[in-house]
2 protein chains.
Amino acid sequence: MVRMADVARAAGVSVMTVSNVLNERLPVNEPTRARVMAAVEALGYEVNLTARHLRAGRTDTVAFVVPSFHDYFGELADQVAPLIEAEGRHLVLERTSANAEQEMEALSVARLQIYDGVLLSIAGLDLEQLGRVRTSKPIVLLGERDVPDHLNHVRLANESGARLATAHMIERGSRRILALGCSFDGAHMMTTDRRVGWENACREAGLAADPAYVVPVSDYTSLGGRDAMLEFIASGLPFDGVFAVTDIVALGALSALADSGLRVPVDVQLAGFDNLDMSRFIPPGITSVDANHEGVAEAAVTLLHRQMSGWTGPAEHVVAPVRLVVRGSTRGGA
Amino acid sequence: MVRMADVARAAGVSVMTVSNVLNERLPVNEPTRARVMAAVEALGYEVNLTARHLRAGRTDTVAFVVPSFHDYFGELADQVAPLIEAEGRHLVLERTSANAEQEMEALSVARLQIYDGVLLSIAGLDLEQLGRVRTSKPIVLLGERDVPDHLNHVRLANESGARLATAHMIERGSRRILALGCSFDGAHMMTTDRRVGWENACREAGLAADPAYVVPVSDYTSLGGRDAMLEFIASGLPFDGVFAVTDIVALGALSALADSGLRVPVDVQLAGFDNLDMSRFIPPGITSVDANHEGVAEAAVTLLHRQMSGWTGPAEHVVAPVRLVVRGSTRGGA
DNA sequence: GTCCTGCTTTTTATCGATATATTGAGCGCG
DNA sequence: CGCGCTCAATATATCGATAAAAAGCAGGAC
C-alpha cells in the first residue's frame, strides 16, 4: 500500500506538503505542487480514508438504514442518493431486516460514528426504544410511526391518503370497501393511520366502517395480500371495493380477484398505497396514493443537511403531502 | 466521546486490559474483567470502529456495489445480506448509477480499502476498464458481461434461459416471437446473450430468427418496454409471442398489449427474465426465467469468503444455472 | 533464600493521515 | 545593513485503537 509518506519521499518534500497539495488547504508553490502531483500519479497514490476519518473526524458518507433493500425502500433510496451526492457526499444503504435489535445496533454509537449523518427508516422500534437514542450525530427518521420530539422526522400523510383513495372509490360507486392489511399492528403504526383514513371516508359518505371489513394480512407481501383476499372472498361477505394498505399487498389482492373471476374495476374497484413504478403498468393500472418519494427524500435530506452544517435548533416533524393517482383499477380512471 | 482510555481509568487498569476484555484476545482474570465490564456499562463505552480499522486493518464490512438500488438488485441484495451476516460481517450497498466513472470510483483503492471485500455488479465497465482494476482486496464481479480472467465472476446462463423461454412458447404454439429489448447494446452484454438464446430456439424449431423481430428499447424500464411494444404493434408486423429481456420490460409489454386489446396468452404469449416477486402475482402471472438469486448470491459469497480467508488460487468464473417458471402468460401454464 | 515457570498486566511502537505551531527564505524599506 | 513582514515548507503532536514485547507477580523446586 502506497502511503502519503512514500509520495513525500518521491517528491522530496514533507508529508504535510503532500497533504496540503491534495486537500488544497495551505498554499503550495506551483513547481512543488507539480512535483507532488507527478509523484502521486507515478505511484498511484490514493488517500487512506480511514486514517483521514480518524484524524479529521469526517467521512463524507451518509447512511440510509432501511428494513429491507427492496420495493419501497429501494425506490426511495434512488431518490435520496442524488441529493446526498449533490453535496459531495456518498450514500450507503444498510439493512436491519425490520428487526428491533438490528435497528438499535444500527443506531449504536459504534456504527453511527462511521457516518457524517444517518437517515433511518424505522420499522421495528417503538417510542421507548427510540427515546433511548441519544446521539450528537445528525439523524433523521423516516417512517410511519410516532417518534420522540427531539428527533427529526419525516412521514407521509397516511390518513389523508387512505381517505382520498377510499372516497374516490365511494364516489365511483363502491359501497362496501375492504381495508386490506389495515388492522392494528404494533410494529406498523401506518396500518392504523391508513385504517383511520378509510374509516373517515366511509363515515363521511354515510357508510358503515364495519370492523369485519378490516382484514389482517399475515405479512405485508403480495402473497400475504393474496391469501387474505382469497380467504375473505371465501367467507362470502359481499364487497365491491378494496383499499390495500400498500401496492405490494394490492398486487396480491389483484391476483386473488383475477383467480376468483372477479373483474377489476367492473365488479370490484381496487386502490393501493405507495404508487410503485409497477403500479402504473400492471393492467388495468393500479390506482394508488403516491408516496411522494421526491418530497420525502427532499425533506429528509434538507433536515439532514441542516444538522450536518451545524444547525442545532429544535427538531422538526414533517408530514409530506400525498396525492391520489387514478388508474384503471378504479372506475373513470385513465 | 468516551474513549477506551476513559474506561481504563475508571476501572483502574491499562488500556490494553480493556482491549483484551472486549476482544477476548489475551486472558484476563475474572475480577479484573468484571471491573472493566462495569466501567464499560457505566460510561456507555463503544469501540471506535475507525480507530480499530486503522490499526487492525479489518472492518468486518462487505460492500455490494450496484448500478441502482431497486428491482433486481434490491432483491439480490436481500439474498446476499444474510449470507454475509452469517459470518459475522456487515453488508452495505453502494450505488453507481450504471455510470462507468462512478463504477471506477467505487473500485478505486480509496473506497475499496474501507471494506474487507467487495461484490460488484458491473453494468457500465468494459473489459479494458476492468482490466485496469488491480487490487489485493477480495472482490467478486456479478453481472452479464465478459470480465478479465483474473477476476472472480458469477453470471447467469443467459443464453440457455432465453432459449428455454422461447422454446417453451414455440412448443405452445407461437410461430413469430419478438425479442423485446434484446438488440445489441454495448453496455449490456446480457442482451446479446439472450438474443442468441432466442435465435437458437427459433432455429432449432425450424423458424426464422428475423432481425426485424429483435426490437430495441430506449431504456430497460417498463416504460421503455411499453413504448417499444406499442411501436411494434403499430408497425403491423404479425406476431404471436414476446420474449422480453427482463421482467421489468415484460411488464411494459404486458401493459401495451392490454391497451391494444391483445389477449395474453390467447393472442400473444409473453415471457420475461428475472422472475421478480411481482411476476408471480401480476395477472395472468408472467412466465419468466428465474434468475436464481439464491444460487448467484451463494456462489458470489462463497467466492468472496474464500478470498477473505486468504485463498489465493486462480479466479473462478461461475455460470449459475437458470430454470423456467411457467405461469399464465404462456399457454398450458398454471 | 534464590531462581525458574507460568500467568496476568503494562509498556512501547504503530496504523496513516491532519491541525497547529514553528522555522526558514525572500524582499521592501528606512 | 538590519529589521520586520509575508509566504512556503517542515516539525511535532494527535486521533483511538491493537500487536508484540516487556514487566510483575504468584507459587514451587532445590
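In this predicted model, a polar backbone atom of B:Asn48 lies 3.1 Å from a phosphate oxygen of DNA strand D. A polar contact here is a pair of N or O atoms within 3.5 Å; within protein, one must be able to donate a hydrogen and the other to accept it, and residues adjacent in sequence count only if both atoms are side-chain atoms. Residues are numbered from 1 along each chain as its sequence is written, and chains are lettered from A and ligands numbered from 1 in the order in which they are written. Local features need pLDDT of at least 70, side-chain atom pairs count only at pLDDT 80 or more, and totals for chains, interfaces and linings use all residues, while side-chain values use heavy atoms, with hydrogens and water left out.

Two further contacts reach phosphate oxygens of DNA strand D. One runs from a polar side-chain atom of B:Ser19, at 2.6 Å. The other runs from a polar side-chain atom of A:Thr32, at 2.6 Å. Both of these residues are among the nearest of the 23 around DNA strand D, together with A:Thr17, B:Met4 and B:Tyr45. A residue counts as near a strand if one of its heavy atoms lies within 4 Å of it. Of the atoms of DNA strand D within 4 Å of the protein, 70% belong to sugar or phosphate and the rest to bases.

Which elements supply the surface near DNA strand D? H2 and H4 of chain A and H2 and H4 of chain B each give at least two residues. H2(B) has the largest share, with 4 residues. Helices (H or I, at least four residues) and strands (E, at least two) are DSSP runs, numbered from the N terminus. By class, this surface has 11 nonpolar, 7 polar and 5 charged residues. Ala, Val, Leu, Ile, Met, Phe, Trp, Tyr, Cys and Pro count as nonpolar, Asp, Glu, Lys and Arg as charged, and the others, Gly among them, as polar.

DNA strand C is surrounded by 24 residues, the closest being A:Met4, A:Tyr45, B:Thr17, B:Thr32 and B:Arg55. Sugar and phosphate make up 66% of the atoms of DNA strand C that come within 4 Å of the protein. On the phosphate side, an N or O atom in the side chain of A:Arg25 is 3.0 Å from a phosphate oxygen of DNA strand C. The surface near DNA strand C comprises 12 nonpolar, 7 polar and 5 charged residues.

H4(A) and H4(B) pack at an angle of about 135°, with their axes 9 Å apart. Axes are lines fitted to C-alpha atoms, for helices over the stretch in contact, and angles run from 0 to 180 degrees between N-to-C directions. This angle makes H4(A) oblique to H4(B); angles under 35 degrees count as roughly parallel, over 145 as roughly antiparallel, 65 to 115 as roughly perpendicular and the rest as oblique. The contact (heavy atoms within 4.5 Å) is made by A:Thr50, A:Ala51, A:His53 and A:Leu54 of H4(A) and by B:Thr50, B:Ala51, B:His53 and B:Leu54 of H4(B). It has 4 nonpolar, 4 polar and no charged residues.

Within chain A, helix H1 (residues 4–11) and H2(A) pack at an angle of about 105°, with their axes 8 Å apart. H1(A) and H2(A) are therefore roughly perpendicular to each other. A:Met4, A:Ala5, A:Val7 and A:Ala8 of H1(A) meet A:Val15, A:Val18, A:Ser19 and A:Leu22 of H2(A). That contact divides into 7 nonpolar, 1 polar and no charged residues.

Some backbone details remain. The peptide bond from A:Val264 to A:Pro265 is cis, with omega near 5°, and A:Pro265 lies in the loop between helix H12 (247–259) and strand S9 (269–274) of chain A. In chain B, the peptide bond from B:Pro283 to B:Pro284 is cis, with omega near 0°. B:Asp274, in strand S9 (residues 269–274) of chain B, has a positive phi of about 130° although it is not a glycine.
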